[in-house]
Amino acid sequence: MLCALAAIPILIAVAVRLSSAVPAGRGPAFLDRITQNGLFVGVTALLVSVPLFLPLTVGVVAGDTVAGEAGLGTLRYLLVAPAGRVRLLLVKYAGAVAFAITAPLVVALVGAAIGAALFPVGPVTLLSGDSIGAAEALLRLLLIAAYLAVSLMGLSAIGLFMSTLTDVPVGAMASTVVLSVVSQVLDALPQLDWLHPWLFSHYWLDFADLLRQPIAWDSFLTNLLLQGGYVAVFGALAYGRFITKDVLS
Amino acid sequence: MTAVGPATELSIETSGLSKRFGHQLAVDGVDLAVPKGSVFGFLGPNGSGKTTTIRLMLGLAAATSGSVRLLGQDMPGQLREVLPRVGALVEGPAFYPFLSGAANLHRLDAADPHVPAATRAARVHSALERVGLTHAADKKVRAYSLGMKQRLGIANALLAPRELLVLDEPTNGLDPQGTREVRSLVRSLAADGATVFVSSHLLAEVEQICTHAAIMSAGRLVAQGTLAELRQAGQARIRVLTPDAGAAAEVLARLGLSAAADGTATTAVPGSTDSSNAGEVLYAPLPAAATAAAGAGAVAPEAVVAALVAAGVRVRGFATEQVSLEERFVALTGEGFDVVQ
């Protein structure tokens with residue numbers, strides 16, 4: 001799956017390289033800037049993968065955590081070992097989080113690398129108008145990846161909880177991915193704007209603040225708080241469910 | 001296994017253990033008592049609640065009511081202290097198909113925080129050696145046959161020195177050689193002082209390796225004890241082959257035995273000129289020597305023959321028979337596919 005994610009920036013970079021100049025203002029944001037500065041491949045690829053690719057892969061990994069073991073039948077042997085239910089749940093969540101951290105990082109780094117290979121790299125003009133060097137721009141790119149990793153913590157916890165509900169991993173994966181889509185759809189309905197700050201996907205695209213000088217950390221912190229809340233709630237639900245679950249698979 | 005400790009020392013003890021799924025009582029008031037050091041056969045037809053009982057014992061599922069003590073400690077309350085001393089094979093082996101056999105064992109061993117990581121490689125190697133899988137240790141489990149997976153499952157149960165082994169259908173899918181290997185493995189484990197709890201529906205197997213047995217039927221424990229006790233619970237009987245069935249029945253009745261005819265024997269009796277009618281077979285339960293000694297009606301088999309001959313009954317065949325475990329099993333759990341559900 002990491003390879004599939006890595007393919008996204010490569011695809012973008014190659015497509016832009018092969019096609020004629022992209023008219024400004026069309027396609028995903030920053031797409032027209034790629035030809036001037038290869039570092040924008042990473043930013044564009046992250047932007048493109050936020051709505052679907054990242055939640056999809058994280059949903060698959062988080063949904064598979066417990067249900068995958070149950071489906072294989074190895075869950076009973078892990079518990080009899082005895083791994084300890086709480087310990088097993090924590091390790092499984094740590095695994096899902098590790099993937100949520102790695103996934104945006106891979107997209108960003110592969111994007112920067114392929115961008116640097118195919119296009120010139122130079123100082124980047126930020127949204128605030130300031131200009132920063134390529135090295136610092138790379139740092140900002142990693143910061144965006146970190147922001148997205150935090151954004152995916154909540155979804156990972158939801159996936160973990162879904163995974164404790166069933167012995168069929170595909171069911172847990174699908175319901176996690178569907179929830180992320182539903183959350184984004186609800187976020188797009190203006191009639192429900194009272195609900196928007198509570199949706200786990202609400203701040204997913206708000207990493208633009210990291211492209212200002214000085215960096216505005218507000219959205220980063222708000223997002224961290226919201227995701228922390230989701231981790232606490234769904235972590236507790238997963239714990240409550242798994243600790244009393246009859247393992248019959 | 002004669003060296004069983006004090007009678008009170010039990011490796012597994014359940015009292016009133018019950019498990020309800022919806023409105024179906026899968027396990028219904030089971031009181032198991034597995035003595036330390038025994039090889040305990042856990043018998044029962046398919047669907048009689050054997051595996052569910054094992055899951056309850058190992059803390060995989062919570063009991064609806066009743067309690068379990070493993071190795072003298074409460075389950076699932078002291079699960080962390082108990083389970084490292086217990087090796088288990090539950091409802092068939094399960095492994096990651098994309099990992100090799102050795103890698104699977106490494107992973108499952110790492111799941112237990114109580115065992116030393118330093119000796120892991122050595123323990124995995126010796127467990128694989130013990131079940132004869134050394135040659136396939138680096139093969140992906142995907143490529144394993146059912147019997148090899150079963151062996152790997154047993155190897156997993158043997159990763160650490162265990163005081164109790166719970167093996168659910170250990171010879172499932174094994175060829176005759178594998179079955180023999182498992183049998184000798186169980187014996188060697190018992191010789192090392194471990195208690196082995198084997199669930200099975202193969203009676204012959206249980207008769208060969210077990211010292212004790214219990215029989216489940218429709219979620220209930222219908223019999224439990226040493227193998228000898230279980231066999232004795234079904235009475236011994238005498239079998240008389242004679243053409244004078246009526247007279248024989250009278251003699252038997254006089255001796256206090258109730259005879260029942262079992263049809264005509266069609267096989268010719270050697271030396272008999274009347275080959276078309278060998279005679280009728282009569283069965284009569286023979287009071288067990290132990291119980292009869294206390295009561296009045298002690299009848300020795302030889303006395304029965306003497307009485308029959310004295311009364312002029314032509315005895316063409318006579319035998320005392322002990323019920324096999326299989327007959328006892330069928331008597332307790334039902335005939336054919338008509339098992340109690």
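# Briefing: chains A and B

Four bridges join β1(B) to strand β2 (residues 24-30) of chain B, and the two run antiparallel. Strands pair here if DSSP finds at least two bridges between them. Helices (H or I, at least four residues) and strands (E, at least two) are DSSP runs, numbered from the N terminus. This is a predicted model: local features need pLDDT of at least 70, side-chain atom pairs count only at pLDDT 80 or more, and totals for chains, interfaces and linings use all residues. Residues are numbered from 1 along each chain as its sequence is written, chains are lettered from A in the order in which they are written, and side-chain values use heavy atoms, leaving out hydrogens and water.

**The hairpin of chain B**

- β1(B) and β2(B) form a hairpin with two residues between them.
- G22(B) sits in the turn and has a positive phi of about 60 degrees.
- F21(B) has Q24(B) as its bridge partner in β2(B).

**Salt bridges**

- A search of the whole structure finds 15 salt bridges over all chains. The rule asks for a side-chain nitrogen of Lys or Arg within 4 Å of a carboxyl oxygen of Asp or Glu.
- D246(A) forms one with K19(B), the closest N and O atoms being 2.4 Å apart.
- D246(A) lies in the segment after α8 (218-243) of chain A and K19(B) in strand β1 (residues 10-21) of chain B, so this pair joins two chains.
- Across the interface of chain A and chain B the rule finds two salt bridges.
- E69(A) and R107(B) also meet in a salt bridge through their side chains (3.3 Å, N to O).

**The interface**

- Chain A gives 20 residues to the contact and chain B gives 29. Contact means heavy atoms within 4.5 Å.
- About 2000 Å² is buried between chain A and chain B, and carbon and sulfur atoms give 59% of this area. Buried area is the accessible area (1.4 Å probe) that two parts lose on being put together, summed over both.
- Y77(A), V80(A) and P82(A) supply 32% of the area that chain A buries against chain B, more than any other three residues.

**The sheet of chain B**

- Six strands form an open sheet with mixed pairing, in the order β7-β8-β9-β4-β10-β11 (chain B).
- β7 (86-89) and β11 (220-226) of chain B stand at the edges with a single partner strand each, so one side of each has no neighbour in the sheet.
- The twist averages 10 degrees from one strand to the next. Axes are lines fitted to C-alpha atoms, for helices over the stretch in contact, and angles run from 0 to 180 degrees between N-to-C directions.
- β4 (residues 39-43) and β10 (residues 212-217) of chain B pair in the parallel sense over four bridges.
- F42(B) stands opposite A214(B) in β10(B).
- Helix α6 (residues 176-191) of chain B packs on the sheet and touches β4, β8 (164-168) and β9 (195-200) of chain B. The direction of α6 makes about 150 degrees with that of β9(B).
- Helix α12 (residues 325-333) of chain B also packs on the sheet, touching β4, β10 and β11 of chain B. The direction of α12 makes about 30 degrees with that of β10(B).

**Backbone details**

- The peptide bond from Q213(A) to P214(A) is cis, with omega near -5 degrees. P214(A) is in the loop between α7 (169-188) and α8 of chain A.
- M75(B) and P76(B) are joined by a cis peptide bond, with omega about 0 degrees.
- E91(B) is not a glycine, yet has a positive phi of about 45 degrees.
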